[in-house]
Amino acid sequence: MKQTIFIVGARGAGKTTIGNVLAEALSYKFVDTDDRIQVSSGMTIAELVKQHGWDYFRQLESQTLHAVSQKEQVISTGGGMVLAAENRQYMRQNGIVIYLQAPASVLTERLSLNPEDSQRPSLTGKSITEEMESVLAQREQLYCECAHFIADATRTIENIVFDIRNYIFSHHKQII
């Protein structure tokens with residue numbers, strides 16, 4: 001039976017990029033929960049949060065996770081998807097969870113090269129470096145807790161996808 005693959009990690013870890021390449025490599029479909037939320041709401045995440053608040057956004061995020069979860073899909077989740085214990089449990093029980101792990105310095109560098117302020121508001125109001133350090137301090141354990149496999153997101157796209165595919169083929173042969 002083919003399963004869903006969930007990709008978790010902080011903003012800037014490469015979830016969308018890796019998710020697209022991995023989906024193509026596995027002949028799966030790709031879904032990005034943040035993109036789906038923006039399309040269905042007709043607003044950017046920044047607009048949603050400004051108008052309705054973070055709690056509303058987190059509820060919408062959880063609903064979207066359930067709505068898009070199907071077999072033979074790679075799902076890139078928002079960085080905060082792991083904050084809800086129900087989401088961590090749901091992903092772990094309903095698919096393979098891949099954590100793209102990178103240090104705050106790498107995430108900061110990537111986000112500085114491609115700022116998304118209009119898409120994703122600051123969580124803390126701090127500088128991007130301080131925010132990424134704070135976010136990782138809060139979420140690292142949660143990402144690890146729900147992950148079946150932790151991929152080094154500082155490697156090249158090809159190497160990351162290779163590592164993930166090797167893990168899937170060696171540990172979950174029945175799904176491919």
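These notes walk through a predicted model of one chain, point by point.

1. Some ground rules to begin with. Because this is a predicted model, local features need pLDDT of at least 70 and side-chain atom pairs count only at pLDDT 80 or more, while totals for chains, interfaces and linings use all residues. Residues are numbered from 1 along each chain as its sequence is written, and side-chain values use heavy atoms, with hydrogens and water left out.

2. Now the overall plan. The chain holds 8 helices and 5 strands; helices (H or I, at least four residues) and strands (E, at least two) are DSSP runs, numbered from the N terminus. Their order along the sequence is β-α-β-α-α-α-β-α-β-α-α-β-α. With a radius of gyration of 15 Å, close to the 16 Å that the globule rule gives for 176 residues, the chain is as compact as a globular protein of that length. That radius is taken over C-alpha atoms, and the rule is 2.2 Å times the number of residues to the power 0.38. Along the principal axes, the C-alpha atoms fill a box of roughly 45 × 30 × 25 Å.

3. Next, cover and contacts. Of the 176 residues, 48% are buried; buried means under 20% relative accessible area, exposed over 50%, and partly exposed in between (1.4 Å probe, protein chains only). Among contacts with a separation of 6 or more, 75% come from residues 24 or more positions apart, a contact being heavy atoms within 4.5 Å.

4. Strand 1 (residues 4-8) runs parallel to strand 4 and is joined to it by 5 bridges; for pairing, DSSP must find at least two bridges between two strands. Ile5 has Ile96 of strand 4 as its bridge partner. Strand 5 (residues 149-152) is also parallel to strand 4, with 4 bridges between them, and here Leu100 is partnered by Ala151 of strand 5.

5. Strand 5 shows two faces. Phe149 and Ala151 form the covered face, whereas Ile150 and Asp152 form the uncovered one. In a regular strand the side chains alternate between the two faces of the sheet.

6. Most residues other than glycine have a negative phi. Ser27, though not a glycine, has a positive phi of about 60°; Ser27 sits in the loop between helix 1 (15-26) and strand 2 (29-32) and, at 62% relative accessibility, counts as exposed. Glu72 likewise has a positive phi, near 60°. The loop that holds Glu72 lies between helix 4 (54-68) and strand 3 (73-76), and a relative accessibility of 35% makes Glu72 partly exposed.

7. Finally, a glycine. Gly78 is in the loop between strand 3 and helix 5 (85-94). Is Gly78 buried or exposed? At 2% relative accessibility, Gly78 counts as buried. Gly78 and Thr4 are 74 residues apart in sequence, and their C-alpha atoms are 16 Å apart in space.
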